[in-house]
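The following exercises are to be worked with the sequence and the model side by side. Each task is followed by a solution in steps.

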Amino acid sequence: PPPPRGGGGGGGGTPNSSHDERASPFSPTLMMPVPTTLDQAMMQAVAAGIDTGISFQVKVMLDVKDAGKIFGQGGSVLRRVQHVSGCTRIHFSPSKPGSDHRTALLQGSAPSIVIGLSMFSLLLCGEVMKTVSSISLLINKKHVGQIIGKAGARINQIRKESGAEILISTDRFLDEDGLSEDNKITVRGPPMAVSKGISRVIYHLQQAVEDAVRYGRAQESYEPPHPSNHQREYQSSR
């Protein structure tokens with residue numbers, strides 16, 4: 001197999017320019033409308049060269065009250081989000097006494113996660129449709145460099161293309177098992193800008209997952225697909 005691209009392995013800290021510097025799948029000539037359905041997101045992903053056969057996971061950090069808006073009475077709203085988005089799984093962490101936040105895990109193809117998170121953004125705006133929405137993603141520190149790009153070029157491009165404010169926290173958050181560290185990436189702005197920003201972040205994250213699978217950087221985390229399932233599954237949050 002070809003050797004891994006880029007340099008530098010291991011170690012803590014936020015990854016940077018050692019990551020593959022592929023061109024953005026969203027060039028100025030490929031500026032499509034924000035997808036509002038799974039079919040539209042699939043078409044956009046295919047046009048951008050995204051492998052829609054890979055299934056992975058993305059975590060979102062939510063205030064407790066915001067989690068309630070998405071969960072809905074008896075989980076009714078959450079079930080609809082999962083059905084419309086095409087996510088194979090959406091799971092909320094248990095509420096903990098004294099904690100002011102909960103995490104939600106979305107699993108599926110990149111397009112389904114994009115639609116699911118866009119629906120989260122709209123639900124958080126509420127019926128009044130607040131002019132500003134905010135979604136905080138928890139991304140494994142190993143993959144943050146893929147989103148930042150060399151000298152911040154990629155994250156700045158995503159900000160420019162989407163019109164969203166995108167902040168990357170230097171604080172680290174342990175996952176529920178306490179086994180890995182995540183960085184918080186917050187996408188903030190008008191709902192449509194947030195949806196654009198989310199789609200670009202998720203698709204660049206997908207590239208990191210593809211690289212990990214293709215070049216063997218995920219030997220411990222990558223789980224071969226079940227014989228009856230042709231999707232490759234990789235848990236990007238581990």
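**Exercise 1.** Leaving aside its neighbours within four places in sequence, with which residues is Phe-71 in contact?

*Solution.* The structure is a predicted model, in which local features need pLDDT of at least 70 and side-chain atom pairs count only at pLDDT 80 or more, while totals for chains, interfaces and linings use all residues. Residues are numbered from 1 along each chain as its sequence is written, and side-chain values use heavy atoms, with hydrogens and water left out.

Step 1. Contact means heavy atoms within 4.5 Å. With neighbours within four places set aside, Phe-71 is in contact with Ser-76, Val-77, Leu-78 and Phe-92.

Step 2. Phe-71 belongs to helix H2; helices (H or I, at least four residues) and strands (E, at least two) are DSSP runs, numbered from the N terminus.

Step 3. Relative accessible area sorts residues into buried (under 20%), exposed (over 50%) and partly exposed (in between), with a 1.4 Å probe and protein chains only. Phe-71 is partly exposed, because its relative accessible area is 34%.

**Exercise 2.** Determine whether Lys-69 is buried, partly exposed or exposed.

*Solution.* Step 1. Lys-69 is placed in helix H2, which covers residues 64–71.

Step 1. Its relative accessibility is 37%, so Lys-69 counts as partly exposed.

Step 2. From C-alpha to C-alpha, Lys-69 and Gly-126 are 8.2 Å apart in space and 57 residues apart in sequence.

**Exercise 3.** Which residues of helix H6 are buried, and why do they line one face?

*Solution.* Step 1. Helix H6 spans residues 153–162, and its buried residues are Arg-154, Ile-155, Ile-158, Glu-161 and Ser-162.

Step 1. Viewed down the axis of H6, these buried residues fall within an arc of 125 degrees, so they line one face of the helix. The arc is that of the directions from the helix axis to the C-beta atoms.

Step 2. An α-helix has 3.6 residues a turn, so residues three or four places apart point the same way.

Step 3. Ser-162 counts as buried because its relative accessibility is 7%. Apart from neighbours within four places in sequence, Ser-162 is in contact with Ala-193, Lys-196 and Gly-197. The C-alpha atoms of Ser-162 and Arg-200 are separated by 8.2 Å.

Step 4. After H6 comes Gly-163, with a positive phi near 80 degrees. In the loop between helix H5 (144–148) and H6 lies Ala-151, a residue other than glycine whose phi is also positive, near 55 degrees. Ala-151 is exposed, because its relative accessible area is 78%.

**Exercise 4.** Which residues have the most contacts inside the largest nonpolar core?

*Solution.* Step 1. A nonpolar core is a set of buried Ala, Val, Leu, Ile, Met, Phe, Trp, Tyr and Cys residues joined through side-chain atoms within 4.5 Å.

Step 1. The largest such core has 47 residues, and those with the most contacts inside it are Phe-56, Leu-62, Leu-117, Phe-120, Leu-137 and Ile-202. Helix H7 (residues 191–214) gives the most to this core, with 9 residues.

Step 2. Beyond four places in sequence, the contacts of Leu-137 include Val-58, Val-60, Leu-117, Ile-185, Val-201 and Ile-202.

Step 3. Ile-198 is found in H7 and counts as buried because its relative accessibility is 0%. Not counting residues up to four places away, Ile-198 touches Leu-117, Ile-135 and Val-187.

**Exercise 5.** How many disulfides does a search of the whole structure find?

*Solution.* Step 1. With a disulfide taken as a pair of cysteine sulfur atoms within 2.5 Å, the search finds 0.

Step 1. Cys-87 counts as buried because its relative accessibility is 5%; Cys-125 counts as buried because its value is 2%.

**Exercise 6.** What is the mean pLDDT of the chain?

*Solution.* Step 1. pLDDT is the predictor's confidence in each residue, from 0 to 100. The chain has a mean of 76, and 72% of its residues reach 70 or more.

Step 1. The pLDDT is below 50 over residues 1–31, a stretch with 58 contacts in the model beyond near neighbours in sequence. Over residues 218–238 the pLDDT is below 50, and that stretch has 45 such contacts.
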